[in-house]
Amino acid sequence: MLEIVILGRGGQGAQTAGNLLAQAFFSQGKYVQTFSTYGGARRGTPVTSSLRVSSSPIRQRCNITQASALLCFDDSLLDAGYLGQAAENALIVVNTAKPEDTLMRLGGQRIVAVDGKTIARRNKMGKVVNSALLGGFCAALGQPGLESIAQTIENSAPAKKQENVAACREAFGLLEPVLERV
Amino acid sequence: MNAPAFADDMQLLNGNHAVAWGVRLAGPDVAPLYPITPQTPILEKLIEFQSSGAFQAELLTPESEHSAMAAAIAASATGARVFTATSSQGLLLMHELLHFASGARTPIVMFNVNRTPASPWGFWPDQIDSLSQRDTGWVQLYSENPQDSLDSVIQAFRIAEATNLPVMINHDAFYVSHSVEPVSLPSPEAVTDFLPRQARDIQLGDGSGRSLGAPIDQASWNRTRRDLDEAMKTVEQFAIDASQVWEKQTGRASAPLEFYRYHDAEIVFVTMGSMCGTAREAIDRLRTSGIKAGLLKVRLFRPLPNEALRDALRGAQHAIVLDRNYSPGTGGVLHQELRSVLFGTQDPPRLHGYLAGVGGLSVPEERLEALATEVRDTVPAANSLWLE
């Protein structure tokens, strides 16, 4: 079972990203379960989205405590509490313009930086970073494939379909060499 | 039911949208609804269905849940098929009219998303909102996952209309209501076959000038409760029938009580709602290490299947009751109910009550796995214990 946590601030699209990633895995015939918990959450407050992916039906209904991978929409959220939800050797993909070696990590966690803001702007997406981050995350994770996530984004984007897909593809392309390094 | 196997007719839906699909397929005539977190996606999806022309019910949006239930009772008394949905504070605000609905024998189907009641304010999965309505005369079902919720909505209309009793289905906030996963959608034809439109006793609006709920004398009021009691006694069999017919049509059973790796189990978990899924994982781990564990899922909580529970628990050495609720002064509601069921039986299992996940705390399968080992050498406490 692959367990993923997506961490962001309310309004950044972390929940949407979780749903899109689930859809991409589902389109490949995988069982998925994704859920967010919120209540008092407002624009700007921390929110998490959890995703399980498996080749057999998923039954447990509890939080993810040892994620294999974490996608973080905002480097200011990276602290020991959130990083502690990911496993010792987890992949941590962070939306940031900072160098990777300046970012916090725990134990053997592998940090990969994606400059989602710059990629989004270059593809006329303004401040909407989730398509770029999904592209980068899938490249670093090695699954689901570029075509699965790009197609899911194209089907789901309410506007700027081509721009969303272009941002996803650009980030995916940038991240492959990084992945070989880690 | 267990999580469903992959099928071509599957879509990714969250639990609340699965409920809305069940409602759309069941085709109620009237749906009075008031929004509340975390129920609101049910209302939003039904409005989306209605505006696209796929859902024909008259949607009423009154000023409170109390008024929504009043509208539901009145509409149901005219013979209409009626659906409503709520959660926590909304359900509690309806409380007065929940008694009214069952007394008036209106077969309303209501979906409740289990959420912590105030105070303090919270949004988290906890079943005390609906369990504290256990004496209001509503049939209560508890759902484990989005597929179970969809199937239960459709079955609930059949049970309600067969018994003239209102039915409340419950699923846990977030772990089910907002969990997006593959859900199989039955065909509209299958649902129409399963839920034929039948002429009902019309209590209002037939032009005869009868009144509904008018004052009556003591003996007549007493008679209404005896009638209610008779109707309640038929629910379990109607629920079994509904499950069997549904299984023939869809391949998915959802019986009043469900069992997982149970026949030779020595340590059994007894619980309701989303905790059942986590318990299944824990049981598989325990079986791998040679411990004979099993699950008894209580899907029908009102009326409680007393005899079936006694039969099921005969032979188990330990029963671990997991209550995601806390009744102050008592402990876990299901624990209390099972003590009552088992009282006076020969050789009952040792009954260990745990308050597990109260307030929406996450209970991982590893904790349940450890718990099964812990109870083996333990004399059960009289009260429910807080799971640490």
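**Two chains, two sheets: a walk through the model**

Me: In strand β7(B), which residue is the bridge partner of Gln140(B)?
Reply: This is a predicted model, in which local features need pLDDT of at least 70, side-chain atom pairs count only at pLDDT 80 or more, totals for chains, interfaces and linings use all residues, and side-chain values use heavy atoms, with hydrogens and water left out. Residues are numbered from 1 along each chain as its sequence is written, while chains are lettered from A and ligands numbered from 1 in the order in which they are written. Helices (H or I, at least four residues) and strands (E, at least two) are DSSP runs, numbered from the N terminus. Looking along β7(B), the partner of Gln140(B) is Met168(B).

Me: How many bridges join β6 to β7 in chain B?
Reply: Two strands count as paired if DSSP finds at least two bridges between them. Strand β6(B) covers residues 139-142 and β7(B) covers 167-172, and they run parallel. The number of bridges joining them is four.

Me: Which are the edge strands of the five-stranded sheet in chain B?
Reply: That sheet is open, with mixed pairing and the order β4-β5-β7-β6-β12. From one strand to the next, the twist averages 25 degrees; axes are lines fitted to C-alpha atoms (for helices over the stretch in contact), and angles run from 0 to 180 degrees between N-to-C directions. An edge strand pairs on one side only, and here those are β4 (83-87) and β12 (300-302) of chain B.

Me: What about the six-stranded sheet: which helix packs on it?
Reply: This open sheet of chain B has the order β9-β11-β10-β13-β14-β15, again with mixed pairing. Its edges are β9 (257-260) and β15 (385-386) of chain B. The helix touches β10, β13 and β14 of chain B, contact meaning heavy atoms within 4.5 Å, and its direction makes about 145 degrees with that of β13(B). The helix is α13(B), residues 365-374.

Me: Inside that sheet, which residue of β11(B) is the bridge partner of Ile267(B)?
Reply: Strand β10(B), residues 267-271, pairs with β11(B) in the parallel sense over five bridges. In β11(B), Ile267(B) has as its bridge partner Ala293(B).

Me: Why does the pair Asp148(B) and Arg299(B) tie together parts that lie apart in sequence?
Reply: A salt bridge is a side-chain nitrogen of Lys or Arg within 4 Å of a carboxyl oxygen of Asp or Glu. In this pair the closest N and O atoms are 3.6 Å apart. Asp148(B) sits in helix α7(B) and Arg299(B) in the loop between β11 and β12 of chain B, so the parts they tie together are 151 residues apart in sequence.

Me: Over to the interface: how much area is buried between chain B and chain A?
Reply: There, 32 residues of chain B are in contact with 23 residues of chain A. Buried area is the accessible area (1.4 Å probe) that two parts lose on being put together, summed over both. Carbon and sulfur atoms give 57% of it, and the total is about 2400 Å².

Me: Which residue of chain B forms a salt bridge with Arg61(A)?
Reply: Across this interface the rule finds three salt bridges. For Arg61(A), the closest N and O atoms are 2.7 Å apart, and the partner is Glu181(B).

Me: Which element gives the most to the side of chain B that touches chain A?
Reply: Three elements each supply at least two residues: β1 (10-14), β8 (180-184) and α10 (275-288) of chain B. The one giving the most, with five residues, is α10(B).
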